[in-house]
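This report looks at how chains of one assembly meet each other. Keep the structure at hand while reading.

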4 protein chains.
Amino acid sequence: MLRITIFNEFIHERTNESVRKLYPQGLHATIAAGLKQHLGTESPVRFATLDEPQHGLSTQVLAETDVLLWWGHAGHERVEDEIVTRVQDRVLAGMGLVVLHSGHASKIFRRLMGTTCMLRWREAAEKERVWCVDPSHPIAEGLGDECFEIAASEMYGEHFDIPAPDELIFVSWFEGGEVFRSGCTFRRGKGKIFYFSPGHETFPIYHHPQVQRIIANGTRWAAPSGGLYLGQGRNIEPALSPIAARHQVDASLHRAK
Amino acid sequence: MLRITIFNEFIHERTNESVRKLYPQGLHATIAAGLKQHLGTESPVRFATLDEPQHGLSTQVLAETDVLLWWGHAGHERVEDEIVTRVQDRVLAGMGLVVLHSGHASKIFRRLMGTTCMLRWREAAEKERVWCVDPSHPIAEGLGDECFEIAASEMYGEHFDIPAPDELIFVSWFEGGEVFRSGCTFRRGKGKIFYFSPGHETFPIYHHPQVQRIIANGTRWAAPSGGLYLGQGRNIEPALSPIAARHQVDASLHRAK
Amino acid sequence: MLRITIFNEFIHERTNESVRKLYPQGLHATIAAGLKQHLGTESPVRFATLDEPQHGLSTQVLAETDVLLWWGHAGHERVEDEIVTRVQDRVLAGMGLVVLHSGHASKIFRRLMGTTCMLRWREAAEKERVWCVDPSHPIAEGLGDECFEIAASEMYGEHFDIPAPDELIFVSWFEGGEVFRSGCTFRRGKGKIFYFSPGHETFPIYHHPQVQRIIANGTRWAAPSGGLYLGQGRNIEPALSPIAARHQVDASLHRAK
Amino acid sequence: MLRITIFNEFIHERTNESVRKLYPQGLHATIAAGLKQHLGTESPVRFATLDEPQHGLSTQVLAETDVLLWWGHAGHERVEDEIVTRVQDRVLAGMGLVVLHSGHASKIFRRLMGTTCMLRWREAAEKERVWCVDPSHPIAEGLGDECFEIAASEMYGEHFDIPAPDELIFVSWFEGGEVFRSGCTFRRGKGKIFYFSPGHETFPIYHHPQVQRIIANGTRWAAPSGGLYLGQGRNIEPALSPIAARHQVDASLHRAK
């Protein structure tokens, strides 16, 4: 059982007819339906959207979330810095984070990566092929083939300004000539992060069965594990093992971290 | 030829007698002397300190810096956020960064890592042994043995809350019972980052010949390379290769990144 | 449900009284008991030993094994190359492999790593502290603290001549002054490999509850996943996408891979 | 100054007219000319070919080689295992190795990787675009753009059965629909290994200026560094630090590694 929260800024679906046709209940509803198909119905899925108080991400909601999925695009800059810090702290404390498509430019992803997370793009409804380069990874479970196609996709191309991912799982080919590291994992603190690029508001990509499977696998993979105490730094006295000869240390220099 | 800037907050040396005895001209002067011994005198070394305007890190100084070394401790919170952002941008654009000892908790290091960078510590003047686990790395060049000793050191212990380093070069053993990933590299954007933990204001560690050698090696390693254009993300039109059939795309959704 | 096979060369227990006292049914029996405690009894555990035909590792046994654990020491060179190749092929096809302690020098581990896998050692019954440096990893699940002690251990020290592990989970501290990367993961082909160093025939380390937990976690982690077809290389004709203009290619050069 | 040896099996150039037209003095001569242009003439370049005694790779030649480049294809199985072991030992001791194109299936590369190193391929003279995903890497030095084109190339496609590379520098796009991790680094022992896929006997790819630049950069990058003693494993007695209470250890169990 996983407690899942999907954050969707929920802007395009309310302002644009063609997006609404593809995702009448919002991108989050389609993503949730895909998750339920693969993870079963015993895993509760909540929604959080930009216009809610605290963007729907109160301390309590986050405390009750095992994995948070993030979809944003037009509203990135409207996300409050305080909420970004709260989400970052929760990730470092163990909550999983699945960042989808244009979420690459979200404040929370850039905060956790330390880089610009920028990339090249083109919205030309071109063909994308998603190739698996790590076939034994749990996130690739059940794909059955080393490659699948998306008939019409937004191109995301290199250079993608992220830290070298801990694991590179998917690389995408685009008809127009680019490649992209489209499925990447990162660990930050005790939290696991999965970035997956396919998915766009004007294409029915979140209805694609392989995309749904990968997002579900990524959500399962990002679930908290470990359970080690991981506190703030602290002074460790006395030492675990005997120290032969302590030098004199000027106490006025002792830090207060 | 490398253009080097050493940032030192320069607080302890001016307020504490025992620190002044070890580092009469400041930690930065001792670090600079070590660099000159290994890199030669043709590489200019500047200093920047907390109390200077802009902490000595003007846009021009940074533009003329190939590698920045960072030593801070008591004054981390006094570093202006605007300067932190400026340094971060310069690192992402290719400037090398060598973060020393208590600099693990600096704003700039935490900003680039995305994690708390916290650790355990103990100031008990205990023995530290620095072991090399990547003997072919240029930063280990010339060490001559797989291990060296520091007679009296501040203990830094795991868990060290950093992303998994791109390369782990040194692991330290402490008399009191801890281990620590004491030499780590990271790449962020086009910049190379080297973190090295040995070094403390109340111990003469920056006079240690192996420590000096490693800091010099790390500075050389962090020098900018590549030279590729790495712009902000941008829309790539037209495509490099022909795209068979473009779907209709609603132009009102086109992003303005 | 996991189908587990434990390979133990089973030499010391039959020739040495002090080893027999610690492991009267063999190291494999103690390891199996630990696994059962954590993985439950529904996961069948088989044994394979050096003196059996094919060392107990027939094609059928391997085909029915999800995860193979490997303990060897005095008999490394007596393992047949043909069996080593068979195990390697099974790992590349997806079988998990957990290599224990002196198994670092086994033919199968060296074959999969490509390096000597050599290290420093000392058999002085000294204290070992195992520190976790990746607290969110499933293999650290349930440890509850960032460190645990082994009262008397054989020292294994750096430099450990392995490829940089995909994930570094544990680093050990030894009373006599060394450190060691004691818990490492690697992926080769579709197989997952976990190396864990604590454990020695003359110490009761395989009775240690934290060691048992980690071996069980590692066994679970190494279970096959993915399920992608991963065949031998092959010629891909025709192309997935149209190729504008084919040059003339001299057919006599076509390789036969 | 680097001492370079280029191994070329030198088969196709002597048996096939169209290959001879592209590489009249052999692939090795063209590769050497590219190296000289970038590394200068003070770095001596030797050649070694399959038909020479010991394939031109005597113990002395290897001892005098800093970086070995390897091109093979039709003759992989004719390389003597003893020579493969000799080259492997030299790499582990610090010699750099640059493996080119079809060298992915060479005995030496498979030996060092531990995997099959197999891939998909197609010889259709299609367009390849080589994208840089690590723009700060020394091997990308001087490329000037994030992508370059090869008009007619042999396709190499994923899944490429290698261990996750230590650094992924280039990813290739192919007109027919595949992607490939075309520039990868690995470290094994003290040796650095660079694999670069573009290059084929029936296309003039080794005359391409960007390909020549990358091979030269990779050769420079793979040069030995470090200089640490890295011996065979050995027993470390006495301990560096005092050990409180030694247990009795049965001497008959001491290993002879």
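## Chain D and chain C: area and residues

In this predicted model, chain D and chain C together bury about 5400 Å². Carbon and sulfur atoms account for 54% of that area. Each partner is represented in the contact by a set of residues: 71 residues from chain D and 71 residues from chain C. No salt bridges are counted between chain D and chain C, but six residue pairs are in polar contact across this interface, both residues of each pair being at pLDDT 80 or more.

Several elements of chain D supply at least two residues each to the side that touches chain C, among them helix 2 (17–22), helix 5 (81–92), strand 6 (147–157) and strand 8 (179–188). Strand 5 of chain D gives the most, with seven residues. Sorted by class, this side of chain D has 27 nonpolar, 25 polar and 19 charged residues.

## A strand pairing between the chains

Strand 5 of chain D also pairs with a strand of the other chain: two bridges join it to strand 10 (residues 234–235) of chain C. The two strands run parallel. In this pairing, Asn235(C) has Trp121(D) as its bridge partner.

## How the two copies are related

Two copies of a chain are related by a rotation about an axis and a shift along it.

## Chain C and chain B

Chain C also touches chain B, through 20 residues from chain C and 21 residues from chain B. These two chains bury about 1600 Å² between them, with 65% of it on carbon and sulfur atoms. On the side of chain C, Trp131(C), Trp173(C) and Val179(C) lose the most area to chain B, together 31% of what that side buries.

Two salt bridges are counted between chain C and chain B. One of them joins Glu146(C) to Arg120(B), with the closest N and O atoms 2.7 Å apart. Strand 7 of chain C gives the most to the side that touches chain B, with five residues. That side of chain C divides into nine nonpolar, four polar and seven charged residues.

How values were computed: Residues numbered from 1 in each chain as written. Chains lettered and ligands numbered in written order. Predicted model: local features only at pLDDT ≥ 70, side-chain atom pairs only at ≥ 80, totals over all residues. Heavy atoms only, no water. Contact = heavy atoms within 4.5 Å. Buried area = accessible area lost by both parts, 1.4 Å probe. Salt bridge = Lys/Arg side-chain N within 4 Å of Asp/Glu carboxyl O. Polar contact = N/O pair within 3.5 Å; in protein donor to acceptor, adjacent residues only side chain to side chain. Helix = DSSP H or I, 4+ residues; strand = E, 2+ residues; numbered from the N terminus. Nonpolar A, V, L, I, M, F, W, Y, C, P; charged D, E, K, R; others polar. Pairing = 2+ DSSP bridges.
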